[in-house]
Amino acid sequence: MNEINDIVADIKRKNIKPIYFLMGEEPYYIDQISDFIEKNILDESEKGFNQQVMYGRDVTIEDIISAAKRYPIMAERQVIIVKEAQDLSRNIENLVFYAENPQPSTVLVFNYKYKTLDKRKKLHKVISKSGLIFESKKLYENQVSDWIRRVLSGKKYQIEPKAALMLIEFLGTDLSKISNELNKLMLILSEGSIINDKHIEENIGISKDFNNFELRKAVGEKNTLRANRIINYFSENSKNNPLVVTISLLNTFFTQLLFFHGLLDKSKKSVALALGINPYFVDEYFLAARNYPIQKVTSIISFLRDADVKSKGVGANQSQEDILKELLFKILH
């Protein structure tokens, strides 16, 4: 976030680079920087003649270089944005000759998603000197909650930990999807609101009572009745509750629980830090550890691996519903 803020601040100060090579596994930040450049470097009156968007699948490196070498028309700069630039990956090194001596009146932006330049090759070194390379790294799941909190805090909103976890469970770590849903919530809720699980259920369509977060909690508490009610709901709404996701989240929980058993320092702060979880959820691990001794946790992780294989159609002729019911029985007994 700090690096992005620095890039934006430099552009606002008119400290503008001739090349911006935006690359990496997380497209959200690439789009954020690219969109800011597209909207803010040129005035509206200048954009008609001096701003161009290209797509990697439709052009060659030579086409891009030819356009970049042109001079702006009645403006200080021209802006060229190459979207889906990863489609040019086979020949991207051909950009070296332009990058060594870029046109100072051109701002050339590459959106190179899901890939990165090889740091050992010349292009990476040349652009690092003449322009700017930004690598957008994918956030780990345990980092996304903090990201949600920071984004909302910057816009004067807050979110309860459970609500954040529900978003991550439903949308994964795709920051663009999460951002879109947060924007919808902020349109509905007044500034200063604290987003809770009810807001998520009513406005995004995720059940606050029947989700993997609640299943994990019920399993940790050994609440058999509650856990069975949730998996019955999953069976009736299998499209929105894929088995592979449920198994993955339960596996993460029990893997963390195994690690918890081995911790010497079990203060809440240390546990949260060691497991990479919000302190709000630490009590659940203390309860689950009492219900599941280390030997049982080890067995459960084995059960989860078997269920994962079965869920992918290997060595089993069971429905997804039956696989989940069998797994739950093994865990709780």
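Hi everyone, let me start with Lys222, which is partly exposed, with a relative accessible area of 33%. This is a predicted model, by the way, so please keep that in mind throughout. You'll find Lys222 in the loop that joins helix 11, residues 212-221, to helix 12, residues 224-236. As a reminder, most residues other than glycine have a negative phi.

Lys14 also has a positive phi, about 70 degrees, and again this is not a glycine. Lys14 sits in the loop between helix 1, residues 2-12, and strand 1, residues 19-24. Is Lys14 buried or exposed? Its relative accessibility is 53%, so Lys14 counts as exposed.

On to a residue in a strand. Gln51 belongs to strand 2, which covers residues 51-55. With a relative accessible area of 18%, Gln51 is buried, because the cut-off for that class is under 20%. What does the side chain of Gln51 have as a polar neighbour? One of its polar atoms lies 3.0 Å from the backbone oxygen of Glu38. Leaving aside residues up to four places away in sequence, Gln51 touches Ile37, Glu38, Leu42, Glu46 and Val79.

Now let's look at some helix packing. We describe two packed helices by the angle between their axes and the distance between the axes. For helix 8, residues 161-171, and helix 10, residues 197-204, the axes come within 8 Å and cross at roughly 35 degrees. Helix 8 brings Lys162, Ala163, Met166, Leu167 and Phe170 to the contact, while helix 10 brings Asp197, Ile200 and Ile204. Sorted by class, that makes six nonpolar residues, two charged and no polar ones.

While we're around Lys162, have a look at Tyr280. Tyr280 touches Pro161 and Lys162, not counting residues up to four places away in sequence. Tyr280 is placed in the loop between helix 14 and helix 15, the latter being residues 282-291. At 51% relative accessibility, Tyr280 counts as exposed, since the cut-off is over 50%. And how far is Tyr280 from Val8, 272 residues apart along the chain? Their C-alpha atoms are separated by 34 Å.

Next, the spaces in the model. The largest pocket has a volume of about 730 Å³. There are 29 residues in its lining, and Glu141, Asn142, Leu165, Gly276 and Ile277 lie nearest the centre. The elements that give two or more residues to this lining are helix 7 (141-154), helix 8, helix 11, helix 13 (243-261) and helix 14 (268-275). Which helix gives the largest share of the lining? That is helix 13, with eight residues. The lining as a whole has 14 nonpolar, 10 polar and five charged residues.

Finally, the cavity. Searching the whole structure turns up one cavity of 30 Å³ or more. The volume of the largest cavity is about 50 Å³. Its lining consists of Phe303, Asp306, Ala307, Lys310, Ile323, Glu326, Leu327 and Lys330. Helix 16, residues 294-311, and helix 17, residues 320-332, are the elements that give two or more residues to that lining. What is the split by class for this cavity? Four lining residues are nonpolar, four are charged and none is polar.

Conventions. Residues numbered from 1 in each chain as written. Predicted model: local features only at pLDDT ≥ 70, side-chain atom pairs only at ≥ 80, totals over all residues. Heavy atoms only, no water. Axes fitted to C-alpha atoms, helices over the stretch in contact; angles between N-to-C directions. Helix = DSSP H or I, 4+ residues; strand = E, 2+ residues; numbered from the N terminus. Contact = heavy atoms within 4.5 Å. Nonpolar A, V, L, I, M, F, W, Y, C, P; charged D, E, K, R; others polar. Buried < 20%, exposed > 50% of the residue type's maximum accessible area, 1.4 Å probe, protein only. 1 Å grid on protein atoms, 1.4 Å probe; cavity = no way out; pocket = protein on both sides within 12 Å on 5 of 7 lines; lining within 4 Å. Points joined across faces, edges and corners; volume = space filled by probe spheres on them. Polar contact = N/O pair within 3.5 Å; in protein donor to acceptor, adjacent residues only side chain to side chain.
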